[in-house]
Every structure is written in structure tokens, then in C-alpha cells.
Amino acid sequence: MKYGLVLAGGGARGAYQIGVMRAIKELNIEISAVSGTSIGAINGALFAQESYETAEEMWTDIRLEDIVKIPSEFGKNLLSISNITGLVAEMKKGGFDISPLENLLKELVDEDKLRSSEIDFGLTSVSLTNKKAVSLFKDEIPKGKIYEYLIASASLPIFKTKTIGGERFADGGFADNMPVDLLIKKGIKDIITVDIHGVGMKKDTLTAGVNLIEIECSKPRVGTMDFNPDGIKASMEEGYYDTKKVMGYYGGKKYFFDFDEYNSLKRKYGIKLIEGLEDAAEAFGLDELCVYGFDDFLQKTLTLYRECERRVDYSVITALHEESAGALVVGLVGMLKENKKEFLSKRLDIMGKYYNAAGSLMYFVD
């Protein structure tokens, strides 16, 4: 079976899609066509020309200055709140110069290789001149213009607009940040979508009769223009693990376990108990980006619980005023130990996952 792949826009969050690509290659999932918007179009072009390693190297090394020319006072996160005044002023002057991105694409995207690839490729942009969305597949893009249309698709409002043949273009996210319809119109029935929670519109598309497999970056680790190396690396790892979970190789709500072991755990303990333990692990800050055996996961969670327990008063006032989620969970466990379960269940339902975490810990603690 061959799949279509749709990559949404989202700036630096596009690193997540590289992890998705890695998993797709590792699982030998065949892709017949890729469509993308903005950074999704750029990643999609690299995937379609089968340059995964090149894409991974780019994201490992990429910095803000590789994308846009900006004064040093804007710092490393261009879209931070502190930069609002400067951003407005720059937009009034026409926007930031993204010639560094153009140069980068000319190094990385091989137009001949992309055009000759068996994987089809399409992108979405917006024509400001004609006030309409523009969606093109590679055979519809004039020869020598691939780079320009990739830039057109990724021209965020803070960037200088891209002009091609006298026509001005802006970021495709204004029209459709998840261009599923491009692949549906190609007759593709099995489609993997990758949502990185970028800013943009999602076009209403009739998907009746289409098998959509949705991969979602539920907790973005970087902002749209935040090219933090640690966040980028974590995003790639999360994309990899999430894809393998969605494709049925891992189980877990927030963490990753062998699929068969996870199903066995659900039969043994019940889903609420296991998910509550995952909530507890999250509250204590247990690393999410690895695959756990359950015994190891349980012991690490209990160790973190006991470390936190030594520092926290059990009183509900102390627990509720602690900044740490882990401290709150410890406080709730303390109350449960004091046989105040009825009070907690009636009065502290608003604690949601923290109450569930405390309840699950009660099962496993000594």
C-alpha cells in the first residue's frame, strides 16, 4: 500500500516532521505523493527528492540567521513578545529579508532530482496579486522556479513578499495550512497528515471515503521562529516516536511502551490506572522521549515521587500553593493516605489528571 503525506506549516516546529520522515523510512512505508505548506512544503520537497539525511542535517544545524537577516537586538526568537514593536516597524518597511533561506534552498533542493523522483510533490501559496490560493504540483511549476515557489509558500507576514513573474505571493497558511485536498484530487485514498500546530487556516475538505492517519505534535517544543537547538532536537525525536505510536508500534498515552506490553498492562491493571501513572510521571518530569519497559518506568516514577515527597508538606494548603505539579500530586497522595478520599473525590475533581495521578500512585507505593 502506498500513502500520501501532507505536511502542515509551522516554522521551526517543522523539525517534528523530520522525525516523522525518519519513522516512515524505518517502517518502510511507501509514499506516492507529498503536499505541504510553508515549512511543510520545504520539508516535503526534501522528502520527495528522497534526501532525508540532508533534511536531518539541515535541521540539526539550522539557526535563525540561516533563515532571515535580522538585527541582533531581536535575539534568537524572532516572534517573542518583546519584539512586537520592532516587528511592526519592520513590516511597515516591507518585512525581513529572507535571502538566507533562498540561498539555503538552492544548496539543498535539487530541482532535477525532485522532478525525476517517483514521489509526486505539491505545494500551496497565496497570490496577493490575484487574491486567491495557488496550489501546484511539480509538473505545473515552470522549470527553474521550484526554489521561488517554495519561498512563496513560506513567506510569513513578517517577511518580504515573494514576486514571481510580476505576481506577489504570501505564505500558503493564509489559504490552507494542511493541503489534504491536493492529494485527494489526485485520487489518493490513504493519507498521512502531520499537524505541527502552526498558525494558519485549514481548508474544509470533503474526506468521505478517505483513510486519514493523523499525526499531531500535541505539545510543541519550540515557537514558530524559535530555532533553539535543544528544542529542535527534541521535536525531531518526538515526531519519530509519535509516528511509531500512531502506526501501532508503541502504546501509551503520554509515554512510549512496546505495543504488546502496553496492551498486556491494560488487561492487568486497567487503562485508568496506567494513564494515571503516566500523568504522575509527567508531573514529576520524567523524560518522555524514549521507549520504556513498564518495570523501569514504574521504578523511575516512584523514585521521583519519593524525592519530591521528602520536600513537600502533606497539607492541602501547601500542596495547592506549590508551583510544582509534582508537589501537588504528592500533596494529594498524602491526603489520600489520611483517608480523606471521599472529600477529595467530591471537592477536588477539578484537579483532573493530578487527582488521577495520585490515585494511581496509591496503588503502587509501599
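Reply: A residue counts as buried when its relative accessible area is under 20%, as exposed over 50%, and as partly exposed in between (1.4 Å probe, protein chains only). On that scale, 53% of the 366 residues of the protein are buried. The model is predicted, with local features needing pLDDT of at least 70, side-chain atom pairs counting only at pLDDT 80 or more, and totals for chains, interfaces and linings using all residues. Residues are numbered from 1 along each chain as its sequence is written, and side-chain values use heavy atoms, leaving out hydrogens and water.

The protein has 16 helices and 11 strands, these being DSSP runs numbered from the N terminus (helices H or I, at least four residues; strands E, at least two).

The spaces are found on a 1 Å grid over the protein atoms alone: in a cavity a 1.4 Å probe fits but cannot get out, a pocket is an open set with protein on both sides within 12 Å along at least five of seven lines, and lining residues have an atom within 4 Å of a point. Points are joined across faces, edges and corners, and a volume is the space filled by probe spheres set on them.

The largest pocket holds about 360 Å³ of space. Its lining is made of 14 residues, and those closest to the centre are Ile-29, Glu-30, Ile-31, Glu-50 and Ile-119. By class, the lining of the largest pocket divides into 6 nonpolar, 3 polar and 5 charged residues, where Ala, Val, Leu, Ile, Met, Phe, Trp, Tyr, Cys and Pro count as nonpolar, Asp, Glu, Lys and Arg as charged, and the others, Gly among them, as polar.

The second largest pocket has a volume of about 280 Å³. It is lined by 17 residues, with Leu-156, Pro-157, Asp-171, Val-199 and Thr-224 closest to its centre, and this lining has 7 nonpolar, 9 polar and 1 charged residues.

Among the 15 residues lining it, Gly-11, Ile-39, Ile-42, Ile-67 and Leu-101 are the closest to its centre. Helices H2 (39-48), H3 (52-61) and H5 (99-108) each supply at least two residues of that lining, which comprises 13 nonpolar, 2 polar and no charged residues.
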